[in-house]
Amino acid sequence: MSVHKKEVKKVTTHVLLEMKRMGQKISMLTAYDYTMAKIVDAAGIDVILVGDSASNVMAGHETTLPITLDQMIYHASSVVRAVDRALIVVDLPFGSYQGNSKEALYSSIKIMKESGAHAVKLEGGKEVKESIERILTAGIPVMGHLGLTPQSIYKFGTYNVRAIEEAEADRLIEDAKLLEKTGCFAIVLEKIPAKLAERVAKEIEIPVIGIGAGGGVDGQVLVFHDMVGLNNEFNPRFLRRYLNLYETIKEAVGNYIKDVKSSDFPNANEQY
Ligand code: KIV
């Protein structure tokens with residue numbers, strides 16, 4: 001008996017580059033677990049980011065700093081088991097790559113080996129150049145992340161828009177060009193003025209994926225929990241909510257509780 005598996009055209013870093021060349025926008029969302037990743041992939045998303053925002057939305061931490069390398073690998077391997085088509089990128093967590101390129105390489109290899117993901121992402125510009133170079137020596141694709149970089153929240157002091165001042169904007173452009181030259185396959189730009197993000201996207205050839213960076217870039221990323229309204233406490237201007245799952249789920253749970261308390265559930269058809 002022959003088994004016919006449906007052929008799926010997988011998204012690779014090369015496909016993303018081609019999409020930019022062709023002027024096709026890239027869609028990216030976070031996912032952290034098997035069930036949600038399966039839905040997101042089936043919907044046709046191009047890139048799934050196993051973001052260190054898992055520290056916030058999955059574990060309830062105030063910042064992204066506490067999540068560990070092993071916890072990221074746990075989330076990433078759950079996502080990998082679910083996905084047929086999307087490119088899966090995993091955030092290198094805080095403390096796993098900064099200031100030590102050997103550790104950056106070790107962390108990236110551990111992620112790729114133990115999760116089966118396709119690429120890693122890290123935050124920063126010239127200060128992480130050596131780490132990027134070293135990761136690339138192992139053949140691991142690297143995505144950059146500039147602008148608001150949440151792992152540096154205690155340096156910034158706030159989650160406000162970055163690179164409004166000319167000096168910081170100039171530094172960001174320089175860093176974006178450096179990341180491209182160093183070999184990153186794409187860059188995330190978070191919470192910076194739309195005009196600046198558009199300029200960066202025009203001046204480099206690798207895809208620029210924005211979050212709170214306007215529509216002039218090559219693609220968009222949102223945190224899944226924010227996009228489907230699971231989290232109703234986070235309301236930045238850049239967020240478009242496609243559902244209000246917080247209220248929908250709360251109502252469903254309320255109805256379940258009511259049915260249990262009133263002995264309406266289970267009924268005669270819901271038992272053996
Ligand atoms: O961790 C994350 O979810 C991210 C996105 C906000 C880009 O880095």
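Predicted model: local features only at pLDDT ≥ 70, side-chain atom pairs only at ≥ 80, totals over all residues.
How many bridges join strand 1 to strand 8, and in which sense do the two run? Residues are numbered from 1 along each chain as its sequence is written, and side-chain values use heavy atoms, with hydrogens and water left out.

**View 1. Strand 1 and its partners.** Strand 1 and strand 8 run parallel and are joined by 4 bridges. Helices (H or I, at least four residues) and strands (E, at least two) are DSSP runs, numbered from the N terminus, and two strands pair if DSSP finds at least two bridges between them. Look for Leu-29, which stands opposite Leu-222 in strand 8. Strand 1 (residues 26-30) also runs parallel to strand 2 (residues 47-50), with 3 bridges between them; here Met-28 faces Val-47.

View 2. Strand 5 pairs with strand 4 (residues 119-121) in the parallel sense over 2 bridges, and Met-143 is the bridge partner of Lys-121.

**View 3. The largest pocket.** This pocket has a volume of about 730 Å³. Of its 32 lining residues, Ser-53, Asn-56, Val-223, Asp-226 and Phe-234 are the closest to the centre. Helix 3 (54-57), strand 6 (186-190), strand 8 (219-222) and helix 10 (224-227) each give two or more residues to the lining. On a 1 Å grid over the protein atoms alone, a pocket is an open set of points where a 1.4 Å probe fits, with protein on both sides within 12 Å along at least five of seven lines, and lining residues have an atom within 4 Å of a point. Grid points are joined across faces, edges and corners, and a volume is the space filled by probe spheres set on the points. The lining has 13 nonpolar, 10 polar and 9 charged residues (Ala, Val, Leu, Ile, Met, Phe, Trp, Tyr, Cys and Pro are nonpolar, Asp, Glu, Lys and Arg charged, and the others, Gly among them, polar).

**View 4. The second largest pocket.** About 460 Å³ of space lies here. Gly-124, Glu-127, Thr-149, Lys-155 and Phe-156 are the closest to the centre among 22 lining residues. Helix 8 (166-182) is one of the elements that supply at least two lining residues, and its 4 residues are the largest share. By class, the lining has 6 nonpolar, 8 polar and 8 charged residues.

View 5. Glu-168 lies in helix 8. Its side chain makes a polar contact with the side chain of Arg-162 (3.1 Å); such a contact is a pair of N or O atoms within 3.5 Å, where within protein one must be able to donate a hydrogen and the other to accept it, and residues adjacent in sequence count only if both atoms are side-chain atoms. Ala-163, in the loop between helix 7 and helix 8, has a positive phi near 60° though it is not a glycine. Ala-163 counts as buried because its relative accessibility is 3%.

**View 6. A cis peptide bond.** Phe-265 and Pro-266 are joined by a cis peptide bond, with omega about -5°. Pro-266 sits in the segment after helix 11 (245-261).

Key:
Buried < 20%, exposed > 50% of the residue type's maximum accessible area, 1.4 Å probe, protein only.
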